Amino acid sequence: MVRFKLQSWNAFAPGLESHHAWREWLLHPSDLSSELGKTSLKQIPPMLRRRFTELGRCAAGAALPLLEGIDTIPGVFASRHGDTPLTLSLLEGIAEGEPMSPTGFSLAVHNALSGLLSIARKDVSEVTAIAATENLIPSALIEAATQLQDHPRVLCVIYDLPLPELYKPYSDSPPFPCAVAMILSREEGDGFILQSDNGQSSDRDQSDDFMILLRLLNCLESSVAFGSSLTRSRWRISPE
């Protein structure tokens, strides 16, 4: 069992950037664009802003509003698949005999986004990058809550993109770019409990986990469960 307090949260997707917009969409879902479109990242210097891919802009769009007035904070950055469009483009270049771009390679690694945000904010706090095929959200929250033993608050950002067509037959993914950022705290905010759940594991797509978490954050569910069809493990998040 893991306990933590949720100090603040923010989520980002095409056309959905406020708590009110998310709540209305969750109550009355409609199709969203599979592409993020233009994103204003005014807090990022222009030269550095160019290095943010669509995945990075989505995650930064969720995280930056929470970080206003905060100079330093450790972070947990979690993505199930990472920047697959960029990685695929590098692999296609290799297949065609093209030299690999050092910049492209550095931006494709799983901790690239956390590094870019650290540089942009001049924050040298430690960061952790997580990739989990199953139970991504519980894994990220467990890591962030565990770090509260050493820090008064921790940033947790969970994000993903739709997979390129080449990969879609082999794994599910969100239908649109989506990122959820949360600041977990020892003392401030609403209390939550994350614990192992004995209920039957679900075979639903892992991509639904974003919407399940957002329903909890928007007080549309009293508690939510996340399950793994591979390991048969199941986790539940409930208010304390």
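How many aromatic pairs does a search of the whole structure find? I am working from a predicted model. My search of the whole structure gave three aromatic pairs.

**Entry: F4 and F192**

I looked at F4 with F192 and found a stacked pair, 5.9 Å centre to centre with 20° between the planes. F4 sits in strand β1 (residues 2–12) and F192 in strand β6 (residues 190–196), so the pair ties together parts that are 188 residues apart in sequence. I then checked burial, where the cut-off is under 20% relative accessible area. F4 has 6% relative accessibility, so I count F4 as buried. F192 is buried too, at 9%.

**Entry: W25 and F176**

Next I took W25 and F176. This pair is edge-to-face, with 5.7 Å centre to centre and 85° between the planes. W25 belongs to helix α1 (residues 19–27). F176 lies in the loop between β4 (153–160) and β5 (178–185). W25 is buried at 11% relative accessible area, and F176 is buried at 6%. I also found W22 here: W22, W25 and F176 form one aromatic cluster.

**Entry: cavities**

I turned to cavities and counted four of 30 Å³ or more. I listed 15 lining residues for the largest cavity, and L55, D83, L107, A112 and L113 lie nearest its centre. Helices α3 (54–63) and α6 (112–121) each supply at least two residues of that lining. α6 gives the most, with three residues. I sorted the lining into eight nonpolar, five polar and two charged residues.

Conventions: Residues are numbered from 1 along each chain as its sequence is written. This is a predicted model: local features need pLDDT of at least 70, side-chain atom pairs count only at pLDDT 80 or more; totals for chains, interfaces and linings use all residues. Side-chain values use heavy atoms; hydrogens and water are left out. On a 1 Å grid over the protein atoms alone, a cavity is a set of points where a 1.4 Å probe fits but cannot get out, and a pocket is an open set with protein on both sides within 12 Å along at least five of seven lines; lining residues have an atom within 4 Å of a point. Grid points are joined across faces, edges and corners, and a volume is the space filled by probe spheres set on the points. Helices (H or I, at least four residues) and strands (E, at least two) are DSSP runs, numbered from the N terminus. Ala, Val, Leu, Ile, Met, Phe, Trp, Tyr, Cys and Pro count as nonpolar, Asp, Glu, Lys and Arg as charged, and the others, Gly among them, as polar. Rings of Phe, Tyr and Trp (its six-membered ring) pair if their centres lie within 6.5 Å; planes under 30 degrees apart count as stacked, over 60 as edge-to-face and the rest as tilted. Buried means under 20% relative accessible area, exposed over 50%, partly exposed in between (1.4 Å probe, protein chains only).
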